[in-house]
Amino acid sequence: MADRLLSTIALISALIASAAANSSAPELKPAALTTPEFAAELAEFRAQRELGLRSPDGWLALVGLHWIEPGRHRIGSDADANVTLAVGPAILGEIERVAADSESHALSLHVPTQAGLKLDGIELKPGSHRLLSDRSETPSRLEFAGGSLSLIERGDRIGLRVRSDTAPALISFKGLNWFEPAPALQLEARFEPHPPGQTLPIVNVLGQVDDTPNPGRLEFKIDGTAYSLEALGDPADALFLIFADRSNGRESYGAGRFLYTGPVVDGRVRLDFNRAINPPCAYTDYSTCPLPPPENRLPVFIRAGEARFGHNTPKAAS
């Protein structure tokens, strides 16, 4: 697994470096801000984005990610616990991996005493309780003094994400960096559907590959040049795009960015790069971000949306 992860990261770094070195690729220049409506909508989007990151449930609040092996484990902030948390009671109880259903897994949490724990808002009594993962329709949230935790599944791995409202990244957060508004990068794209059931292999930072439903491709033009991006998600609801461009590693996050759209209507969808955001890995080491597929590497600068976090001027990727 470690070799595969290193190979994946090396490949991504090489692709990004190659794109940056290609001086013949076209460069996009942001257009001037033109309408009050565009400015107001963009300001509201940016405010909501920062509000989400500042939330106690946001990415900045993460203080730990613990992968759980088979067997029974004592969990808590005590140094002698099998799973040592950054926050919370010395011993929460004991956990063990169990099957929730044919599609997902869960953890069984055994609470020996009244420990002041709440599961989905309800105070827990001593005994055994089931924590459901993010693959479930109703993922669990366990709250305790100093923080909370939730359960994630990535491939055959199951992990605990721990959050705290005293997380150093949350306390030190001073806001995001954004590119200048670029109305010219608010586009209309044509949705070209793929055959039903088509999938696209998406690699994450753990080196895992997930064959993800790929309903179609978005085709659009920038400065008269045609480009395309493979889309994930549900065309009737919203599409999710994971893309890379020539700004990565210098002016924007090195491993690409995310972009969400609205629903596809009559084969068309609004594609606004001013709403491109950094993946969670830009803010925390406790995330498992998907990476841009090769098909979604744009040979142009997309100077719109979220810029490189923590840097106000272009800087080589660390």
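**Ground rules**

Residues are numbered from 1 along each chain as its sequence is written, and side-chain values use heavy atoms, leaving out hydrogens and water. Because the model is predicted, local features need pLDDT of at least 70 and side-chain atom pairs count only at pLDDT 80 or more, while totals for chains, interfaces and linings use all residues.

**How confident is the prediction?**

The term pLDDT stands for the predictor's confidence in each residue, from 0 to 100. For this chain the mean pLDDT is 85, and 85% of the residues reach 70 or more. Over residues 1-33, however, the pLDDT is below 50. Beyond near neighbours in sequence, that stretch has 48 contacts in the model, where a contact means heavy atoms within 4.5 Å. Residues 311-318 also have a pLDDT below 50, with 12 contacts beyond near neighbours in sequence. Where pLDDT is low, the predicted coordinates should not be read in detail.

**An open sheet**

Helices (H or I, at least four residues) and strands (E, at least two) are DSSP runs, numbered from the N terminus. Two strands pair if DSSP finds at least two bridges between them. Here, 6 strands form an open sheet in the order S1-S11-S10-S9-S6-S7, with antiparallel pairing. Strand S1 (62-67) and S7 are the edge strands, each pairing on one side only. Inside this order, S6 and strand S9 (residues 141-144) pair in the antiparallel sense over 2 bridges. Lys118 has Glu143 in S9 as its bridge partner.

**Two residues with a positive phi**

Most residues other than glycine have a negative phi. Asp120 and Asp266 each have a positive phi, although neither is a glycine. For the table, buried means under 20% relative accessible area, exposed over 50%, and partly exposed in between (1.4 Å probe, protein chains only).

**A buried asparagine**

Why does Asn296 count as buried? Asn296 counts as buried because its relative accessibility is 1%. Leaving aside residues up to four places away in sequence, Asn296 touches Leu229, Glu230, Ile242, Phe243 and Ala244.
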